[in-house]
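Welcome, and please open your viewer. We will take the stops one by one, selecting as we go.

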Amino acid sequence: MSATAPRRVENIQTDKGKVPVYATGIIEQPWDDYGDEDHATWATLYARQREVLKGRACDEFIAAQDAMGMTPDRIPKFAELNEVLSKATGWTLIGVEGLLPELDFFDHLANRRFPVTWWIRRPDQIDYIEEPDLFHDLFGHVPLLMIPVFADYMEAYGRGGVKAHAIGADALQNLTRLYWYTVEFGLIRQKDGVRIYGSGIVSSKGESIHCLESDAPNRIGFDLERIMRTRYRIDTYQKTYFVIDSFEQLMDATRPDFTPIYEKLAQLDSIPAGTVLETDHVFNRGTGEGWLNDGDV
Ligand code: PHE
Ligand code: FE
């Protein structure tokens, strides 16, 4: 057990049997309880996404995923991934049942612990699932934690989250939008074109193709304050994707204290998910095809 490892507090009954629960809802990955169907779902999704991501995901993502040594044929063990990850960047994966209270989530990130949902979607949910599951968390998020600058960004985000939580709901909303448009749905410019790094995209076949190849969405250059004002979609593909030049750009732009930014943004209206502003650096102005008029959050 490492210095930051949480203390085991009880066992709870789940539909997969009893699992040990730690303080703040952390559980030990009940690896022996995965069935053949679970391993097959992982194998199918893993193989399919690796194929889709060729030439679409940024080189760093693919390299990081390779370096982790995730098993393609069966669900990886968190303990094995942790040996590689902790050596690389000092991050640790912790198992969770699902989404955590915001402050717990921020606190984990601030301490370089990444919560991973232990259960995997059912076969009939292969193409789409509303909640984050093991495939989204492990395949989508965890490789990025192998990249030193991104690993630092995630820790800084966690610290920023603890602070925003203390400031209030509006600050938290601004920060959540930043997470959404970078960590979950971010695009990055490489020498040979725009690629994907966002975890919500890399874990979805449909959106991996849509975000780069469809004319429907906007693709706009990264702009911190603009992103923090922009509403987003939780039920459809994004109307707008923001493109960074490098992970260093992301780190540099987010280094300053956000407190004055939150104060300034509190005076300004939010921007609908599909709007293009005159000040935007536009890579693609979306046609808006297939967009729903309401439902931006
Ligand atoms: N600099 C931000 C703040 O002061 C924290 C932060 C860093 C937020 C990185 C997001 C990403 O709140
Ligand atoms: Fe996610």
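Which are the buried residues of helix 2 (residues 59-68)? Select F61, A64, Q65 and M68; buried means under 20% relative accessible area with a 1.4 Å probe, protein chains only, and helices are DSSP runs of H or I, at least four residues, numbered from the N terminus. Looking down the axis of helix 2, you will find these buried residues within an arc of 100°, so they line one face of the helix; the arc is that of the directions from the axis to the C-beta atoms.

A word on the model: it is predicted, so local features need pLDDT of at least 70 and side-chain atom pairs pLDDT 80 or more, while totals for chains, interfaces and linings use all residues. Residues are numbered from 1 along each chain as written, chains are lettered from A and ligands numbered from 1 in the order written, and side-chain values use heavy atoms, without hydrogens and water.

Next, select the iron ion (ligand 2). Its protein donors are H136 (NE2), H141 (NE2) and E184 (OE), at 2.0 to 2.2 Å; donors are N, O and S atoms within 2.8 Å of the metal (3.2 Å for Na, K and Ca), and water is not among the atoms, so sites may look incomplete. H136 sits in helix 5 and E184 in helix 7 (residues 169-184), so this pair ties together parts 48 residues apart in sequence. Both H136 and E184 are buried.

Finally, colour domain 1 (1-167) and domain 2 (168-297), whose bounds come from an automatic or database domain assignment. Zoom in on R56, which forms a salt bridge with E213, the closest N and O atoms being 2.7 Å apart; a salt bridge is a side-chain nitrogen of Lys or Arg within 4 Å of a carboxyl oxygen of Asp or Glu.

Definitions and conventions. Buried < 20%, exposed > 50% of the residue type's maximum accessible area, 1.4 Å probe, protein only. Helix = DSSP H or I, 4+ residues; strand = E, 2+ residues; numbered from the N terminus.
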